[in-house]
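Please look over the chain shown here.

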Amino acid sequence: MPHCFAYCYQLNGDHSKPALTLDKINNWQPDDGLLWLHLDFTQPQAQQWIQQSQLPDIEKDSLTNDRDRPRLNQTKDGFFLALRGVDIDKDNQHKPSDKMLSIRGYFTKNLIITTSDQPVVAISRIAEHIDGGFGPTTIGNFILSLCDHLVSRKMKVIDNLDEQLTELEEQVMTDSDMNLRNNIAVLRRETVKLRHSMTPQRDALAKLITIETPLLSLAERQKIHEVDEKISHALDDLNAIRERANVTQEELMSLQSEALNQRLYFLSLITTVFLPLGFLTGLFGVNLDGIPGAEDHLSFSIFCGLLVGVLILQLALFYRRKWI
């Protein structure tokens, strides 16, 4: 296999032939069968091969664009399809990676060209299936296999988000961890990022079902429609997670606000209790002549008893008004 291609297969069910050379790829004819090439467009040789190929100029740019949204563009000879997926961290199979994967593909009667800027698990799974002798042999089956792998991995991420949210909901009621608010915000951002990639992908597949092209059979269109329905269900799950996250965040803010109000209320009671006591001690503490009881040695004890009486009277009043 030429080193500028990550994968290179003849999709005719016979994968026992030796790897294709670059000359055979460049001279590939429609009668030779369906050819699939996958390139890492970050490599200069791959970009050079794409630019020197006979592909339409628009598709050349689309295959090497690292910011292409999921979309479908029909051409004279076939169509261009851009998809996005989520890989799962190799060290933690339950943690999604931070970067969304972008896979672009150009499909004609005898050629499939896909590109990405990093290794894609869905692409490698298709290659493993081909090596095993049960991989896709038509364009429709290839798209189905690719979309199914991408959706399956996204569903794992959605299930992981749902489990995380369930744990956060329980922690909100039982824990006062200050990181809860940040964790909920991170989960909401992950949800928004997934929805941002899956919504246009659903629209692209819905458009793929309706376009007039001989590259897809009726049965393949129906199966693509089923994949599109899976994406719709996944979007419904994301919307539910987003709503639950909003409710959880509002509940957390309400609990934090209630706790703050209780602290302020307690401080207000203390201030109210000591305000008259402070007034009396300040009034009788002035260093002026004529202060009552200044010459009586029992005046201090009487004054302390007066303060205790005022305190008891205040507490009784607060209790009667159910302030405490």
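What follows goes from the whole chain to single residues.

This is a predicted model, in which local features need pLDDT of at least 70, side-chain atom pairs count only at pLDDT 80 or more, and totals for chains, interfaces and linings use all residues. Residues are numbered from 1 along each chain as its sequence is written, and side-chain values use heavy atoms, with hydrogens and water left out.

**Overall form**

The chain has eight helices and six strands. Helices (H or I, at least four residues) and strands (E, at least two) are DSSP runs, numbered from the N terminus. Their order from that end is β-α-β-α-α-β-β-β-β-α-α-α-α-α.

The radius of gyration, taken over C-alpha atoms, is set against a globule rule of 2.2 Å times the number of residues to the power 0.38. For 324 residues a compact globule would come near 20 Å, but the chain has 35 Å. Along the principal axes, the C-alpha atoms fill a box of roughly 120 × 40 × 35 Å.

Of the 324 residues, 41% count as buried. Buried means under 20% relative accessible area, exposed over 50%, and partly exposed in between (1.4 Å probe, protein chains only). Contact means heavy atoms within 4.5 Å. Among contacts between residues at least 6 apart in sequence, 66% join residues at least 24 apart.

**Strand S6**

All six of the six residues of strand S6 (residues 111-116) are buried, so S6 is largely enclosed by the rest of the structure. Leu111, Ile113 and Thr115 lie on one side. Ile112, Thr114 and Ser116 lie on the other. Both faces are covered.

Strand S2 (residues 35-40) pairs with S6 in the parallel sense, over six bridges. Two strands pair if DSSP finds at least two bridges between them.

**Two residues**

Is Arg84 buried or exposed?

| Residue | Relative accessibility | Class |
|---|---|---|
| Arg84 | 16% | buried |
| Met253 | 39% | partly exposed |

Arg84 sits in strand S4 (residues 79-88). Leaving aside neighbours within four places in sequence, Arg84 has contacts that include Arg67, Asp68, Arg69, Leu101, Lys154, His196 and Gln201.

Met253 belongs to helix H7 (residues 218-284). Met253 and Tyr106 are 147 residues apart along the chain, and their C-alpha atoms are separated by 49 Å.
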